[in-house]
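I opened this notebook to record what I looked up in one protein model. The entries follow the order in which I looked.

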Amino acid sequence: MPSPLALSPYAVLGVAAHATHSELRRAYRRKLRETHPDTGGDAVQFHRVQRAWEQVGTPEARAAYDSGADRSATPERTWAPRAPSPRADSSRPQARMHGHPGGWYRERYLDLLQEWVGRGASIPNPYDAALIRSAPREVRHLLACAIAEEETAVVLAGLGIGFSVWHDVLAGPVVGADAGKIDHIVLGPTGLWGLLSEDWGGPVSTRRGDVIGPALRRDERPMHELAGRARRFEREAKVRFSALAVVVPDDTSPEGVIELGTIRRARTLLVQRPRLADLVRTRPSGLAFGGTDLFEVRTRIQGAAHFV
């Protein structure tokens, strides 16, 4: 299932949603030529053009997409909530999990969706694809963030029994606000990790130790915001983070893992979600824990962790 912030196939092809089939076909052929890797185009954009054509290239597929029933999507994937558990066929002992990943964002999404539709108006299915695609970006971004947290939680659950994970943890005295929470805190032999899961619906890159991209606000500094939250939690719990990472979908970052530098001796990184588990299992620069130290840090976190 694509991100709630993903461009519509009409936008990818550069036509209006009411374009005729002939206009769609001409736009598709033009975009194929423009994006083909053999002629200097971008492979990611080329794939998106092909995907867009699969969604609206035939009258049947287009009708299904416009109604919200995208036949080219994987049937079992939806934007509705799902449990943060690993694959059903996994026999590996799982990390200890605390909290509710994505819960705060889903509550905000449902509240803002109701405001947009109208107070008192019935919403039979708040995860209907056609409804979500028509909603304002602010509403869709809340849902995208919830899904990002849930998908990161699935990855973290598979780290193994030596790791503990806390989701949606208040960073300090700021209560009930996004500025006051850390999406995921991970503790294991490699150290203490603070993670921000995000989906801005477009490509991201790095500059001056932080994450940038066309979909981010000009004043938005995700890594420095995460570092500020981590610092507040460090004071509250009397612990120190080994590493801080912004986690993004795999098709939005140019590399799997990008080193951003350090903030208060914590290693900072931009990470594609599929690379996260291997990264967290390896030893980061900075602190690492074992034995009594690991137990003591876990006890401090457990005592200080309050959930949004």
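**Entry 1. Ground rules.** I noted that this is a predicted model, in which local features need pLDDT of at least 70, side-chain atom pairs count only at pLDDT 80 or more, and totals for chains, interfaces and linings use all residues. Residues are numbered from 1 along each chain as its sequence is written, and side-chain values use heavy atoms, with hydrogens and water left out.

**Entry 2. Aromatic pairs.** I first looked up how ring pairs are described: by the distance of the centres and the angle of the planes. Rings of Phe, Tyr and Trp (its six-membered ring) pair if their centres lie within 6.5 Å; planes under 30 degrees apart count as stacked, over 60 as edge-to-face and the rest as tilted. By this rule I found a count of five aromatic pairs. One of them joins Y10 and Y65, edge-to-face, at 6.1 Å centre to centre with 75 degrees between the planes. This pair links distant parts of the chain, since Y10 is in helix α1 (residues 9-13) and Y65 is in helix α4 (residues 59-67), 55 residues apart. Helices (H or I, at least four residues) and strands (E, at least two) are DSSP runs, numbered from the N terminus.

Are Y10 and Y65 buried or exposed? Both Y10 and Y65 are buried, where buried means under 20% relative accessible area, exposed over 50% and partly exposed in between (1.4 Å probe, protein chains only).

I then looked up W104 and Y105: their ring centres are 5.3 Å apart and their planes stand at 75 degrees, so this pair is edge-to-face. W104 is buried, at 14% relative accessible area, and Y105 is buried as well, at 6%.

**Entry 3. Helix α4.** I listed the buried residues of α4 as A61, R62, A64 and Y65. Seen down the axis of α4, they fall within an arc of 165 degrees, so they line one face of the helix; the arc is that of the directions from the helix axis to the C-beta atoms. These buried residues pack against α1, α2 (21-35), α3 (43-56) and α6 (129-134).

**Entry 4. The nonpolar core.** A nonpolar core is a set of buried Ala, Val, Leu, Ile, Met, Phe, Trp, Tyr and Cys residues joined through side-chain atoms within 4.5 Å. The largest one here has 33 residues, and those with the most contacts inside it are I185, F233, F241, L244, V246 and I301. Among the elements that each supply at least two residues of this core, I noted β2 (164-170), β3 (181-188), α8 (222-237) and α10 (291-304). Which element gives the most to this core? It is α8, with six residues. Not counting residues up to four places away in sequence, L244 touches several residues, including M223, L226, A227 and A230; contact means heavy atoms within 4.5 Å.

Entry 5. Six bridges join β8 to β9, which run antiparallel; two strands pair if DSSP finds at least two bridges between them. G261 stands opposite T268 in β9. The two strands form a hairpin with two residues between them.

R264 has a positive phi near 50 degrees, in a residue other than glycine, and counts as exposed at 54% relative accessibility. R265 has a positive phi of about 70 degrees although it is not a glycine, and R265 is exposed at 61%.
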